[in-house]
Amino acid sequence: MASKMVYSFGGSKTDGNGGMRNLLGGKGANLAEMARLGLPVPAGFTITTDVCTAFYESGKKFPSGLAQDVESALALVEKSMGAKFGSVENPLLVSCRSGARISMPGMMDTVLNIGLNDQTVAGLIAKTGNPRFAYDSYRRFVAMYGDVVMGIKEATKADSDPFGHILDELKRRKGYKNDTELTADDLKGLVGTFKGLISDVLKKPFPEDPLEQLWGAIGAVFDSWMIPRAKSYRQLNSIPEDWGTAVNVQAMVFGNMGNDSATGVAFSRDPSTGENYFYGEYLINAQGEDVVAGVRTPNPINRAKPLPAGVDSTLADDMPKIYAELDAIRLKLEKHYRDMQDIEFTIQEGKLFMLQCRNGKRTGHAALKIAMDLVKEKLITRQEAIARFDPEHMTQILLPVFDAKDARVKDRTVLAKGLPASPGAAVGQAAFSAADAEAQANAGRKVILVRLETSPEDIKGMAAAQGILTARGGMTSHAAVVARGMGRTCVAGASITVDYQNGRFSTAKGEVIKAGDWISLNGSTGEVIKGALPTKEVALGDEFFAFMDWIEAEKRMKVRTNADTPKDAQVARSYGAEGIGLCRTEHMFFESDRIDHVRAMILADTPKDRQKALAAILPMQRDDFLGIFKAMDGLPVTIRTLDPPLHEFLPHTDGEIADLAKKFSLPLQKVKDRIDTLHEQNPMLGLRGCRLGILYPEITSMQARAIFEAAVKATEEGIKVLPEIMIPLIGNEKEFALQKAIVEDVAREILAKSEAKVDYLIGTMIELPRAALVADKVVRAGAQFFSFGTNDLTQTTFGLSRDDSGVFLPKYLESHIWDNDPFVSIDVEGLGQLIEMGVTKGRQADHKLKIGICGEHGGDPSSVKFCFAQGFDYVSCSPHRVPVARLASAQASISQRDEDESLEPGQLIIPAHTIIPFKRPSKAGAPRGPRKMSSLKKELIKKVSQAIGPATKQAVQAIMPKSNRDFLKKLARKANPAAKKPRTGPATKVAPKGPGRKTLPKKPRPSMESDD
């Protein structure tokens, strides 16, 4: 742990800066940066993330010396603010907030107004002359401390929190509508009632010592790093658990001191649409949690947009000078950070204070517009716009919308209207608790989570839901901010009454919607609609395609699609797919007009009967391939021969088996016997893939015939065809060779009958560990390309079934046995080594070997970047993930370029798996043996010198075994004699002209005399 545990900010001393987010967390780093910019930041200090790590490592004990550091920092705050913590005459109150390095809005705990007790509250009254303000702050503190630190919470999720229940009962009894109607005596009485509740439940009094309160709050904030909602959020957003949180202790400023005080949240641009105007909300006479929690519906800060019904004033109207100051600050912050900012502010008795700034959460559509606009405004470059664009935003942009042309949409019944907090179309069944929403979603149902207002405890339900509907809250409420970050549709502050006890909500017109009823949310208009409305694909605008053009100019690794029909191929091509990386022929077999022919083939007793059934399927498959070739005119199409076990094509129930026997005029027992014969204990590892083609070569032959007949026909029609036939599930080079021979025989026969010229490749899918281990042998057996089938490769590497892993996978992720779901993101440590070995061995055998990936990982951004680093030629994914994969590919290229630009003079750029090919002389009939080292060096020097010349940064397009790399480092220096010697320490950086790059090893490799 770093020796410095506490960093001060604001006032006369600021230790940190905005570049220290890993140590100070995002909030602490930005508070320090705002203070350095001269903004009005209340003084405070940050306890580092390293302390959080030490806190957990020591069994939740504070490290030695922290108390003294905190006391010293607190003294600086007292000096800056002109008040003293714990003083009866001039009390200083502080807040205690969390701050992870990546924003986790509302997921961890906060305690405000620390330092109040029965003596200091009297001092606060004397100091301010405002007893109502003092007791309002006191009751908030007791309730928040009782909840966060002492653990007084609601009994069930259907209940309101105990402190809120007491408050609501008092308001009902007094006939108050808003909290602002509570008198000083009312609030003072609440303090006593809250303390009584704590004493009754915990059998101990509320702590009166301010220092005890402060350390209790610090410990609670560190504790909140590991509470369920924070862990869930980290898991959803791939935030490492060992990062920890910082704790920010800051002098309190008060927005609840009267009508000249306020609090608010704002964004430098609209986070829903991306429009460039100052967007935000505020509440007069309130504290910050009132805006975020949605307890009161806030007002907009300006009139940039039409005011909601019933609202007649804004911050610009009520406090024009403060608004102008705030507007100038938002412009300064956006220019400084070069991104849209989310800011929190408090106005205390006519003076503005800044409490936070951070890069704002935004929707996918807003992210696109903001990125494009920031480039136009010359705040960032195109490359920066691409590099910082969240791949999940790309997914959100492609989400469906309601089909306005459908009669059901035109004739919709609008139940209520709220604020359009997060756009999109969401359709689902109403659920009234996070637990219910999660359970219903796990059961395969679509749900809309309906809450009075959401809290951080609802995070799992929000993630599981299609959309979120709240009765309270504004555009900057918890529900709105989190929904936008998650890409969920949200309507907030709708005119509905929520009844948790009976699981229903009612509208102003008296209509009742119960749990399980279907509703639809339009997050762009704020409409809550009865029933399930139809949706359609979104119409993409000019900005989207312009952004994709930027991406195309940057990326170097191609992106293909997994498509089995011409329609899917066309959709993928419209998204920029550069070919088909996986066409699964078995999906064509399941069509209703051909399944019976497939079953006839399976039930056949002889090869002749099988060929007869396959002959009926042939023209159908040929037409399928013809349609796909036309859709992908000029682009490669990888077609996998039949892969699944045959039993998947047969019926399973007694009734269906009887119907099949009758249809084929076969004895029922014969059909049952055949099905029993095909039954396997583990079909995933049974008779499937190339094994089918080896056992029944006529299947492979028919499919090859369909492919090449379609290719010839398409070529004759002027279509450019580039078929790539892929043999699945090989683990032995002989398996591949047998299947390749069948394909080649058919190709020769068909192409000999036509003048059409068809360029084709034959390769294989690497989906078994052994295939990666013997990749060089597979290439020498004739494989012209590899496509890594990472779905099955993950299953066979981990020894688990993807379909059955759901039983234990959540526990594995929760316990950090696995950091990520290996079926979502490539396991770099384990699976990655097999992939790297397969690439290296394959390209040692043929440096022109084309390499791609067609598993579902091909659409996962982190997996795409891994593939780029391994030197893949392409990734392949589902049609709707193509834009995401293109973005990830471009981001990988930009990241590598940025690293390349940081190379020291004299460093050579060479690709990841580079070898300089050369031949060994051998006598006729004599075995080839090692050549002398000097001869090897001479030829290598000649080859590399020809390739690189005298330039400092030239790429060598070849493949290099690891044992040659140390020598090539020396060669790099010879090629650049005038350049200074690379510095010692980190390995010389190496990068390709095309995708992929690695660093050279630091230590010399073994002798290369025996290398090929």
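In what sense do strand 23 (residues 518-522) and strand 24 pair, and over how many bridges? Select both strands: the pairing is antiparallel, over 4 bridges. Strands pair here if DSSP finds at least two bridges between them. Helices (H or I, at least four residues) and strands (E, at least two) are DSSP runs numbered from the N terminus.

Before going on, note that this is a predicted model, in which local features need pLDDT of at least 70, side-chain atom pairs count only at pLDDT 80 or more, and totals for chains, interfaces and linings use all residues. Residues are numbered from 1 along each chain as its sequence is written, and side-chain values use heavy atoms, with hydrogens and water left out.

**Stop 1: the hairpin**

Stay on strand 23 and strand 24. L521 has V528 in strand 24 as its bridge partner. The hairpin has 4 residues between the strands, and G526 takes a positive phi near 85 degrees.

**Stop 2: the sheet around it**

Next, select strand 14 together with strand 24 (residues 527-530); they run antiparallel and are joined by 3 bridges. V414 has I529 as its bridge partner in strand 24.

Move to strand 16 (residues 425-431) and strand 17 (residues 447-451), which pair in the parallel sense over 3 bridges. Look for A430, which stands opposite I448 in strand 17.

**Stop 3: aromatic rings**

The structure holds 23 aromatic pairs. Rings of Phe, Tyr and Trp (its six-membered ring) pair if their centres lie within 6.5 Å; planes under 30 degrees apart count as stacked, over 60 as edge-to-face and the rest as tilted. Select F267 and Y279, an edge-to-face pair at 6.0 Å centre to centre, with 65 degrees between the planes. F267 is in strand 8 (residues 262-267) and Y279 is in strand 9 (residues 279-284), 12 residues apart.

Are these two residues buried or exposed? F267 counts as buried because its relative accessibility is 0%. Y279 is buried too, with a relative accessible area of 8%. Buried means under 20% relative accessible area, exposed over 50%, and partly exposed in between (1.4 Å probe, protein chains only).

For a cluster, select F55, Y56, F62, W215 and F222, which are linked by ring pairs.

**Stop 4: the cores**

A nonpolar core is a set of buried Ala, Val, Leu, Ile, Met, Phe, Trp, Tyr and Cys residues joined through side-chain atoms within 4.5 Å. The largest nonpolar core has 130 residues, of which F547, F629, F786 and F788 touch the most other members. Helix 28 (residues 697-716) gives the most to this core, with 10 residues.

Apart from this core lies another, of 60 residues, among them V94, V142, F194 and F254.

**Last view: the protein**

Zoom out. The protein has 38 helices and 33 strands. Of its 1012 residues, 55% count as buried.
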